[in-house]
Amino acid sequence: MENLAYIVLFGHIGFILVGGFMTVLAESLVRALLGLIMTLFGVAGLYFLMAAPFIGLMQILIYVGAVSVLIFFAIMLTQAWSGGDEAKPRSAKTFIYAIMGALAPAVFLGMAVIRTAPPSIFTPEETEIKALGQFLLEPYILPFELISLLLTIAMAGAVILGFERRKQR
């Protein structure tokens, strides 16, 4: 049974890594978005493995659903010109920077987890959804609302940029 858990865990980690590399290395923004969605599904799967189905469902609803759709609209409204910077072939230096950028957070977070890992708990504590909601919203209501405002401003900016580029054509 323990081997099956490791197989599922490493399957999710592999899913996240493939999606991350697909996001970083894709030449098309839409394919990069698909890689991001794949990564977000992998992270949601890890939440389910950690016996946190509420957080996993919120990951899918908020990030895979709302944020990915927002990014997709931004991509569709602000299409890059065919002669822009995105159309140029990438150099090896860019590829190396992308790999370093992808590995740096993993190394730093891995070191932090290894150094400050709490003792393992065999049975997860049950947390009521109401208590979790109060924990997330009461002390963090201002950052939560600021993130909502930031997403709204980003969407409005994408729409304005999309209309200005259409006028220039």
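**Notebook: helix contacts and a pocket**

I began in helix H1 (residues 2-25), where Tyr6 and Phe10 both lie, four residues apart, about one turn of the helix. The model is predicted, and I kept that in mind throughout. I then asked how many aromatic pairs there are, and the count comes to one.

Next I turned to helix H2 (residues 29-49) and H3, whose axes come within 8 Å and cross at roughly 170°. Because of that angle, H2 is roughly antiparallel to H3. I looked up which residues meet: from H2 they include Leu29, Leu33, Leu40 and Phe48, and from H3 they include Pro53, Ile60, Val64 and Ile75. By class, the residues of this contact divide into 20 nonpolar, three polar and no charged.

Last, I examined the second largest pocket, which holds about 650 Å³ of space. Of the 18 residues that line this pocket, I noted Met58, Ile62, Tyr63, Leu136 and Phe144 as the closest to its centre. Helix H3 (53-77), helix H5 (129-137) and helix H6 (141-168) are the elements that give two or more residues to the lining. Which of them gives the largest share of the lining? I found that H3 does, with eight residues. The residues of the lining divide into 15 nonpolar, three polar and no charged.

Key
Residues are numbered from 1 along each chain as its sequence is written. This is a predicted model: local features need pLDDT of at least 70, side-chain atom pairs count only at pLDDT 80 or more; totals for chains, interfaces and linings use all residues. Side-chain values use heavy atoms; hydrogens and water are left out. On a 1 Å grid over the protein atoms alone, a cavity is a set of points where a 1.4 Å probe fits but cannot get out, and a pocket is an open set with protein on both sides within 12 Å along at least five of seven lines; lining residues have an atom within 4 Å of a point. Grid points are joined across faces, edges and corners, and a volume is the space filled by probe spheres set on the points. Ala, Val, Leu, Ile, Met, Phe, Trp, Tyr, Cys and Pro count as nonpolar, Asp, Glu, Lys and Arg as charged, and the others, Gly among them, as polar. Axes are lines fitted to C-alpha atoms, for helices over the stretch in contact, and angles run from 0 to 180 degrees between N-to-C directions. Angles under 35 degrees count as roughly parallel, over 145 as roughly antiparallel, 65 to 115 as roughly perpendicular and the rest as oblique. Contact means heavy atoms within 4.5 Å. Rings of Phe, Tyr and Trp (its six-membered ring) pair if their centres lie within 6.5 Å; planes under 30 degrees apart count as stacked, over 60 as edge-to-face and the rest as tilted.
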